[in-house]
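Please keep the viewer open while you read.

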Amino acid sequence: MDFTLTDEQTMLRDAVRSYLAGRYPLVESRTAARSAARWQPGVWEAFASELGILGATLPESVGGTGGGPEEMMVIAEELGRALVVEPYIGTAVVGAALLRGAGGPAAEAVLSAIAEGGARIAFALTEPESGREPWDVGATAVRDGDEYVLAGAKIVVADLPLATHLIVAARTAGGRLDRDGLSLFVLEFDPQAPPAGMSAHYFRTIDDHHTGDLVLADVRVPATALLGAEGGAWEVIERALDDGAAAVCCEAVGIMRCVVADTVEYAKQRRQFGVPIGSFQALQHRMVDMSLELEQAVAASYLAVLNLDAEPRARRRAVSAAKVTIARAARFVGQNAVQLHGGMGMTEELAIGHYFKRLTAIETEFGSATDHLRRYAEVTSA
């Protein structure tokens with residue numbers, strides 16, 4: 001495998017890094033995330049107009065630039081370095097994958113809006129009674145003339161308070177543990193005034209991202225809101241979830257690169273017994289172990305990204321292997337960085353504590369290590 005970035009990918013990386021270094025300071029981004037606005041709209045506009053990253057992986061037919069998983073990797077890693085809370089992965093990765101996989105005029109219209117910066121997607125999949133399987137969906141969609149009636153509840157819908165469009169997974173046939181019978185519906189969404197029959201509760205997570213819960217009480221949507229074929233959405237959903245898992249793995253790599261570098265620099269400056277603590281052999285070993293975990297995480301994330309367009313079995317295997325590796329590395333690197341920083345490691349003033357919180361959240365996003373170990377075993381034993 002060739003892990004060298006092309007000239008175009010290097011330029012993309014440098015442009016994103018330069019923009020975030022100059023216009024996305026940690027204090028301002030955390031303040032915005034904890035404000036009533038919850039984010040920085042100007043940053044999102046720049047992502048679309050100045051950097052073009054919202055359409056970087058979208059087809060040219062909808063206003064994108066036709067990039068692929070490698071471009072997504074470059075962008076996600078840089079967003080991780082800066083601890084960006086704007087909903088790039090939920091919209092430009094997961095949302096775009098659902099829309100592209102389903103196809104159709106409605107999907108293309110929203111994809112065009114994503115590239116222009118006018119659409120932000122929240123994907124409502126998980127439910128209060130869901131088990132460990134992502135296809136465990138009990139929400140229903142019943143056809144009634146030229147409409148569908150949606151009923152059920154969804155929890156922890158990522159980016160819900162920031163969304164302009166909602167994609168809902170609902171069952172049009174079969175039982176809640178059947179993979180067949182799942183359908184996707186897209187509808188416009190206003191967080192301040194949800195559609196009739198829908199109620200929402202929003203909350204901020206430990207990593208300063210935003211999510212929410214939904215109750216769908218006979219929400220009527222036009223039949224044109226259906227994405228793709230009725231009852232055939234599972235393969236589209238699975239691919240989108242794998243794209244999202246690979247993206248957060250890349251984001252975690254960007255975070256861990258900063259964490260390891262910051263920890264090494266801190267160990268050179270912090271003095272104890274008259275010498276830098278970085279001169280203590282036991283702490284040097286600890287930092288070497290952190291670097292080894294980082295390198296394994298980098299390799300695993302590359303493997304996942306380079307297999308996203310492979311046949312489904314290879315894709316599942318690579319993504320699950322990466323998610324397990326990243327979960328282990330994120331915990332090890334994050335915990336040791338905090339310990340080596342001492343009490344300063346969890347203060348609001350240093351980035352380390354914020355990095356650690358995001359790494360902790362990534363451990364379980366798009367499936368925990370346990371979930372992906374089980375899937376990896378199923379794929380390799382079949």
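**Ground rules**

This is a predicted model, in which local features need pLDDT of at least 70 and side-chain atom pairs count only at pLDDT 80 or more, while totals for chains, interfaces and linings use all residues. Residues are numbered from 1 along each chain as its sequence is written, and side-chain values use heavy atoms, with hydrogens and water left out.

**The chain as a whole**

The protein chain has eleven helices and ten strands; helices (H or I, at least four residues) and strands (E, at least two) are DSSP runs, numbered from the N terminus. The radius of gyration is 21 Å, close to the 21 Å that the globule rule gives for 382 residues, so the protein chain is as compact as a globular protein of that length. For that comparison, the radius is taken over C-alpha atoms, and the rule is 2.2 Å times the number of residues to the power 0.38. Along the principal axes, the C-alpha atoms fill a box of roughly 80 × 50 × 40 Å.

Of the 382 residues, 53% count as buried. Here buried means under 20% relative accessible area, exposed means over 50%, and partly exposed is in between (1.4 Å probe, protein chains only). The accessible surface of the protein chain comes to about 16300 Å², and 54% of it belongs to carbon and sulfur atoms. Such areas come from the Shrake-Rupley method with a 1.4 Å probe; for residues, only the protein chains shown count as cover.

A contact means heavy atoms within 4.5 Å. Among contacts between residues at least 6 apart in sequence, 73% join residues at least 24 apart. As for charge, the mean positions of the 34 positive and 50 negative charges are 7 Å apart. Lys and Arg count as positive and Asp and Glu as negative, without His and the chain ends, and each charge is placed at NZ of Lys, CZ of Arg, CG of Asp or CD of Glu.

UniProt, in an unreviewed entry, lists "domain: Acyl-CoA dehydrogenase/oxidase N-terminal" at residues 6-101. It also lists "domain: Acyl-CoA oxidase/dehydrogenase middle" (unreviewed entry) at residues 122-219 and "domain: Acyl-CoA dehydrogenase/oxidase C-terminal" (unreviewed entry) at residues 234-368. The positions are in the numbering used here, feature names are shortened, and annotations may be inferred rather than shown by experiment. The table gives the computed make-up of each span.

| Span | Distance between end C-alpha atoms | Helix and strand |
|---|---|---|
| Residues 6-101 | 27 Å | 64% helix, 0% strand |
| Residues 122-219 | 17 Å | 0% helix, 48% strand |
| Residues 234-368 | 20 Å | 77% helix, 3% strand |

**Residues in the helices**

V248 sits in helix 7 (residues 234-269) and is buried, with a relative accessible area of 1%. Leaving aside neighbours within four places in sequence, V248 is in contact with I89, K323, R358, I362, E365 and F366. From V248 to S301, 53 residues away in sequence, the C-alpha distance is 9.2 Å.

R375 belongs to helix 11 (residues 369-381) and counts as buried at 15% relative accessibility. With neighbours within four places again set aside, the contacts of R375 are E238, D242, R316, V319 and S320.

F332 lies in helix 9 (residues 312-341) and E293 in helix 8 (residues 281-306). At 26% relative accessibility F332 counts as partly exposed, whereas E293, at 14%, counts as buried. The C-alpha atoms of F332 and A141, 191 residues apart along the chain, are separated by 43 Å.

**Two positive phi angles**

D218, in strand 7 (residues 210-222), has phi near 55°, a positive value in a residue other than glycine. D218 counts as exposed at 54% relative accessibility.

F273 has a positive phi of about 60° although it is not a glycine. This residue, F273, is in the loop between strand 9 (271-272) and strand 10 (275-276), and at 73% relative accessibility F273 counts as exposed.
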